[in-house]
There are 2 protein chains.
Amino acid sequence: MDAEASQTRGRPNLAAVAALAGVSASTASLAFSGAGPVSEATRAKVLAAAKKLDYAGPDPRAQSLRRGRSGVVGVVIEDRLRDAFRDPINVAMLDGIADALGAESLGLLLLTDTGEGGADISLAPMDGVILIGCSTELDRPVRAFRQRGIPIVAIEAEPMEGVLAIDLDNRDATAHGARHLQNLGHTAVGLVTLPLEGSRQRGELEPHRIAASRAHTTLERIRGARDVFPDASGVVAGGSSVEDGLVAGRDLLSRTPRPTAIIAQSDLLALGVIRAAEELGLSVPDDLSVLGFDGVRIEGAAPHELTTLVQPAVDKGRAAGGAVIALLNGDRPEPSRFTSQLRIGTTTAPAPSSAAPSSGSA
Amino acid sequence: MDAEASQTRGRPNLAAVAALAGVSASTASLAFSGAGPVSEATRAKVLAAAKKLDYAGPDPRAQSLRRGRSGVVGVVIEDRLRDAFRDPINVAMLDGIADALGAESLGLLLLTDTGEGGADISLAPMDGVILIGCSTELDRPVRAFRQRGIPIVAIEAEPMEGVLAIDLDNRDATAHGARHLQNLGHTAVGLVTLPLEGSRQRGELEPHRIAASRAHTTLERIRGARDVFPDASGVVAGGSSVEDGLVAGRDLLSRTPRPTAIIAQSDLLALGVIRAAEELGLSVPDDLSVLGFDGVRIEGAAPHELTTLVQPAVDKGRAAGGAVIALLNGDRPEPSRFTSQLRIGTTTAPAPSSAAPSSGSA
DNA sequence: GACAGAGGTCGAATCGATTCGATCGATTCG
DNA sequence: CGAATCGATCGAATCGATTCGACCTCTGTC
């Protein structure tokens, strides 16, 4: 009677299965989870009852509540997926994250930070969260996560209370790359930076914009460049894509005096700059040296081999995933910091002698 | 006393907030959800109590259980993220899905089908699921989802009971493209296909492999090609990347007689084939015509403009997302079918006259 | 033969919120 | 002035499982 009642009413639950198997709900639970001693005969009975009732196993939603864990880790990405995934560096990081999470069979919940637009992030059931490339101001969500007691890991974010940082030597690495250009004799160096604001507005790299910005990675890389070239000016790109680099490159290269080297904050931007140079009939690296950042393999870079700062993106992602897991286990993992390596390719060369201006108002 | 007790014991819950505000839990719930009439004064009291207790709002896990909805939709992707996201077509689809889901503020849970390896997919709390590019046999997960009453939408999968299909005219489109080659006078046409099995084994395109395969998209596109060139042979690539296309191209182009045209099942593969041709000193399209599939913008395709079959990837994704939403709303949406368009670029041209063999044993 | 211990099973409390129906007071209409 | 109505609030049941402690029944040992 009881069993039948539960049987007819919608989808079966553990109680219905237990009733049909002639055991208590607690025993049935044990039979499924495997935790605790259950005789083989009983387990078989329960499993048979489950099959008869077409029961798929304990409801994950109920488990989430009871265990206080949903088995899901959120990954917050700035802006639209379309834009984020266009840059292989993000894909690489995500892959590292997925790698670490998958090993603990944790799900990966993709959250896009739409700023004010959509509903609050953090309304989904998750056990931890990884902030990736979060240049925008997401203080509010972070506060919400903290209130919920949800561990937070941030990749390349400005230091925040209660947020475990996975960092990259953005400033030092860029400075290192800049010094390479300096050693080649370059003095007129232009910058093509990643966005400074969540609005991703492209335009001149101006002091007041820098002052107002909270885009950690962008800022650090600017600082690194200016550690070597204090007066370097430049432009802010509208994103990290070849297209954005092309636009920025056209802008910078049409100025007088024209820079002999450009430090781009991503490989995609660097590629765009190279295209802009080609458009203008400039030869890379003879007329223009170009330095990138990331060191990911990009289809279509040929015939150039980009001089760039290679960062361990997958490892970074894996570290972030591992850190969340550690936090969930109650450990107190140390923040980590990764280093990038300068890989010298074919896009940097000695500065052209000033005796040979290829064009301009002479 | 009661309030204080709840206060000290770990994280605050709705009951604690209600107690502090001097109202019942039900009223507090109403104050947060906005459903039902609550006086402004009461709402303010509750909110004040919440702030004092540092309460972040109702626990999503508990809401999931009670409402029977978690606000999360799973997206199952074949294989590793690294590989999947390398192909822009997947990113485009995902973007469309995210677009549709985001509008209803549904989360997007990324699940990779590791086959037998990891823990069961479907153990995460989700309301619906989208299968994307699921060439492998995931009958078992599908059955589990169905048992749970979770709506299933599949993009380009073989028809399955209880699974809503979002389809593409893979066969007709490929046939259309093949006819274009036929009209150009090509008769020796080679195929470079996507993987046939979950194992992604590359190799010769052999009848027994085709017979054993369940890779819907791959099979349909093969059929389309053979509708026009019944005897076309070819090779199976190990994935959808330029690298895989390069390998496949080298193989096909070193055969005798050498094909004068190659039908690749993705743009990335087509690009790889073009590279292989360049390696061998063949000119595209003069010596070899290449047809792609997808029509996504790929960096580095220059100087060629790929002749390809343009599919509405973002729309497909959006349709899939919309379908899940409709199913969740209890509607009975129709399966949809999208069509691709042949875009003629600069990689196809009339077959070289047989009087001018560029190399070979003459 | 009795007792300790282990294996197996069960009851009941709990996780944190939502929601339906009932209650109570105030306002308005006849 | 009484009754109907509406708004605000509360109680209690419910969602589906997990888990702790209690209980019972064997088995092995002294």
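**Close-up views of a predicted protein–DNA model**

**View 1. Residues around DNA strand C.** Of the 25 residues around DNA strand C, those that come nearest are A:T42, B:L14, B:S29, B:Y55 and B:R66. A residue is near a strand if one of its heavy atoms lies within 4 Å of it. Sugar and phosphate make up 59% of the atoms of DNA strand C that come within 4 Å of the protein. This is a predicted model: local features need pLDDT of at least 70, side-chain atom pairs count only at pLDDT 80 or more, and totals for chains, interfaces and linings use all residues. Residues are numbered from 1 along each chain as its sequence is written, chains are lettered from A and ligands numbered from 1 in the order in which they are written, and side-chain values use heavy atoms, with hydrogens and water left out.

View 2. A polar contact is a pair of N or O atoms within 3.5 Å. In the side chain of B:S29, an N or O atom is 2.6 Å from a phosphate oxygen of DNA strand C. A:S26 has a side-chain N or O atom 3.2 Å from a base nitrogen of DNA strand C.

**View 3. Elements at the DNA surface.** Two or more residues each come from α3 (25–33) and α5 (60–67) of chain A, and from α3 (25–33) and α5 (60–67) of chain B. α5(B) gives the most, with five residues. Helices are DSSP runs (H or I, at least four residues) and strands likewise (E, at least two), numbered from the N terminus.

**View 4. The loop at A:G330.** A:G330 lies in the loop between α14 (313–328) and β12 (336–338) of chain A. A:G330 counts as exposed because its relative accessibility is 57% (exposed is over 50%, buried under 20%, partly exposed in between; 1.4 Å probe, protein chains only).

**View 5. An open sheet in chain B.** Seven strands run in the order β7-β8-β6-β9-β10-β11-β13 (chain B), with mixed pairing. Strands pair if DSSP finds at least two bridges between them. β7 (203–204) and β13 (341–343) of chain B stand at the edges, each with a single partner strand, so one side of each lacks a neighbour in the sheet. Two bridges join β7(B) to the antiparallel strand β8 (residues 233–236) of chain B. B:G203 stands opposite B:V236 in β8(B).

Note on methods:
A polar contact is a pair of N or O atoms within 3.5 Å; within protein, one must be able to donate a hydrogen and the other to accept it, and residues adjacent in sequence count only if both atoms are side-chain atoms.
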